[in-house]
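Please read the points below with the coordinates open.

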Amino acid sequence: MVVVSQQVDENFAHTKTCKPASNIFTEIPEVDLLDPDAKTLIVEACKEFGFFKVINHGVQMEFIARLEDEAMKFFNLPQQEKEKSGPPNPFGYGDKKIGPNGDVGWVEYLLFSTNSGKLILPGISESFWSFVNEYLSAMRNLACEVLEIIAEELKIGPRDILSRLLRDEKSDSCFRINHYPPCPELQHLSCRNLIGFGDHTDPQIISIIRSNNTSGLQIYLKDGTWVSVPPDHSSFFINVGDSLQVLTNGRFRSVRHRVLASSLNSRISMIFFGGPPLTEKVTPLFSIMEQGEESLYNEFTWFDYKKSAYKTKLSDNRLGLFEKSSTHDK
Ligand SMILES: C=C1C[C@]23C[C@@]1(O)CC[C@H]2[C@@]12CC[C@H](O)[C@@](C)(C(=O)O1)[C@H]2[C@@H]3C(=O)O
Ligand SMILES: O=C(O)CCC(=O)C(=O)O
Ligand SMILES: [Fe+2]
């Protein structure tokens with residue numbers, strides 16, 4: 001038995017594992033977008049967790065299911081067919097390798113830009129492409145609605161002070177579909193968990209995650225613990241990204257998160273990352289600052305941040321490089 005376990009461990013030498021952490025977190029803030037109290041809940045959640053769940057969002061389930069079906073059709077293609085849409089540079093099909101700096105995970109994915117026209121990928125059918133575009137426009141609207149609610153509650157008007165960054169035709173947003181295949185060998189993996197997508201924060205302003213009902217997503221709490229997010233295929237999970245942490249001068253928290261692979265079930269997730277135009281300065285909003293308050297960050301544009309981010313490993317503290325008091329100061 002011990003021998004079998006050792007052999008299996010060797011098979012996973014090229015992937016990453018972590019200690020088991022299966023604390024199921026039942027206190028994820030749940031925001032009903034039709035509830036007049038939504039504003040307060042959203043702002044509290046962004047400060048405490050940088051993360052919340054949205055219900056009554058108005059996006060039809062059939063619409064989401066159609067895109068998920070198309071994505072599964074793609075991931076079910078023979079490996080060599082899928083590889084024709086890769087490697088990602090950074091857009092396209094990727095398998096196990098994440099980003100340009102040696103990160104790995106038990107995941108395959110498709111990464112799309114939302115503003116560089118049609119990405120010609122051999123494995124992407126016309127119908128898949130048109131579902132992606134319809135979905136993206138629904139996600140942009142949802143992200144903007146949330147950002148407008150935030151602006152209103154923080155009284156940092158005008159109402160579109162944040163959402164205009166995503167509505168801009170040059171908004172540098174992107175979209176990712178992740179597929180985490182089940183990993184039956186995991187049961188023998190000597191009490192370790194297999195990393196699907198390693199821990200990180202998202203660099204953009206806001207991200208919207210939607211997944212099927214397979215668990216795996218975890219968030220890192222202020223008290224230093226990892227907790228599992230109960231999956232809910234009919235809701236959206238919203239992440240505060242690094243840029244929103246800066247725009248609010250640290251009032252909101254960019255959430256560290258990761259995904260663990262499952263031994264039994266396949267997880268599929270679709271994530272919209274709402275980013276500003278490349279030339280936009282990412283600095284604390286003037287209207288949020290109290291008298292005498294100083295920016296916690298050196299001035300940078302989204303282009304500067306992205307350029308720096310793509311030199312980092314997934315789990316690096318990317319924002320640390322731009323913090324004023326940081327020892328990493330440039
Ligand atoms: C390791 C990397 C992958 C990533 C680019 C990076 O160098 C650091 C940030 C990573 C991340 C995390 C959130 C999103 O999934 C992503 C698309 C992004 O914008 O930043 C990925 C990048 C990627 O996979 O290309
Ligand atoms: O797949 C998921 O649920 C989240 C993945 C993620 O955090 C990412 O792609 O940035
Ligand atoms: Fe992420």
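**Notes on the model**

1. Core. The largest nonpolar core has 73 residues, and Ala143, Val146, Ile208 and Ile238 have the most contacts inside it. Such a core is a set of buried Ala, Val, Leu, Ile, Met, Phe, Trp, Tyr and Cys residues joined through C-beta atoms within 7 Å. Buried is meant as 20 or more other C-beta atoms within 10 Å of the residue's own; exposed is 12 or fewer, partly exposed is in between, and C-beta atoms are placed from the backbone. Helix α5 (residues 126-154) supplies the largest share of this core, 11 residues.

2. Basis. This is a predicted model: local features need pLDDT of at least 70, side-chain atom pairs count only at pLDDT 80 or more, and totals for chains, interfaces and linings use all residues. Residues are numbered from 1 along each chain as its sequence is written, while chains are lettered from A and ligands numbered from 1 in the order in which they are written.

3. Ala143. Set aside its neighbours within four places in sequence. Ala143 is then in contact with Leu166, Ile206, Ile208, Phe272 and Gly274. Contact means that the C-beta atoms of two residues, placed from the backbone, lie within 7 Å.

4. Overall build. The protein has eight helices and 13 strands. These are DSSP runs numbered from the N terminus: helices are H or I with at least four residues, strands are E with at least two. The radius of gyration is 20 Å, close to the 20 Å that the globule rule gives for 330 residues, so the protein is as compact as a globular protein of that length. The radius is taken over C-alpha atoms, and the rule is 2.2 Å times the number of residues to the power 0.38. Along its principal axes, the C-alpha trace spans about 65 × 45 × 40 Å. Of the 330 residues, 37% count as buried. Take the contacts between residues at least 6 apart in sequence: 73% of them join residues at least 24 apart.

5. Ligand 1. The shell holds 17 residues, and the closest are Pro90, Gly99, Asp202, Tyr310 and Leu314. A residue is near a molecule or strand if its C-beta atom, placed from the backbone, lies within 6 Å of it. Strands β5 (103-113) and β6 (174-180) are the elements that give two or more residues to this shell. By class, the shell has nine nonpolar, four polar and four charged residues. The classes are: Ala, Val, Leu, Ile, Met, Phe, Trp, Tyr, Cys and Pro nonpolar; Asp, Glu, Lys and Arg charged; the others, Gly among them, polar.

6. Ligand 2. Which residues surround ligand 2? They are Arg176, Asn178, Phe197, Asp202, Ile209, Ser211, Leu217, His257, Val259, Ser269 and Ile271. Two or more residues each come from β6, β8 (206-211), β12 (257-260) and β13 (267-274). Five of the shell residues are nonpolar, four polar and two charged. Asp202 is listed for ligand 2 and is also among the closest to ligand 1.

7. Open sheet. Five strands form an open sheet in the order β1-β7-β12-β9-β10, with antiparallel pairing. Strands pair if DSSP finds at least two bridges between them. The edge strands, β1 (17-18) and β10 (226-228), each pair on one side only. Strand β9 (residues 217-220) pairs with β10 over three bridges. Tyr220 has Trp226 in β10 as its bridge partner.

8. Gly50. This residue lies in the loop between α2 (38-48) and β3 (51-55). Is Gly50 buried or exposed? Gly50 is buried, because 25 other C-beta atoms lie within 10 Å. Gly50 and Arg253 are 203 residues apart in sequence, yet 4.7 Å apart in space, C-alpha to C-alpha.

9. Cis peptides. The bond from Asn89 to Pro90 is cis, with omega near -5 degrees. Pro90 sits in the loop between α4 (79-83) and β4 (92-98). Gly157 and Pro158 are also joined by a cis peptide bond, with omega about 0 degrees. Pro158 is in the loop between α5 and α6 (164-167).

10. Positive phi. Lys96, in strand β4, has phi near 70 degrees. Lys96 counts as partly exposed because it has 13 C-beta neighbours inside 10 Å. Lys155 has a positive phi of about 55 degrees although it is not a glycine. Lys155 counts as exposed, with 8 C-beta neighbours inside 10 Å.
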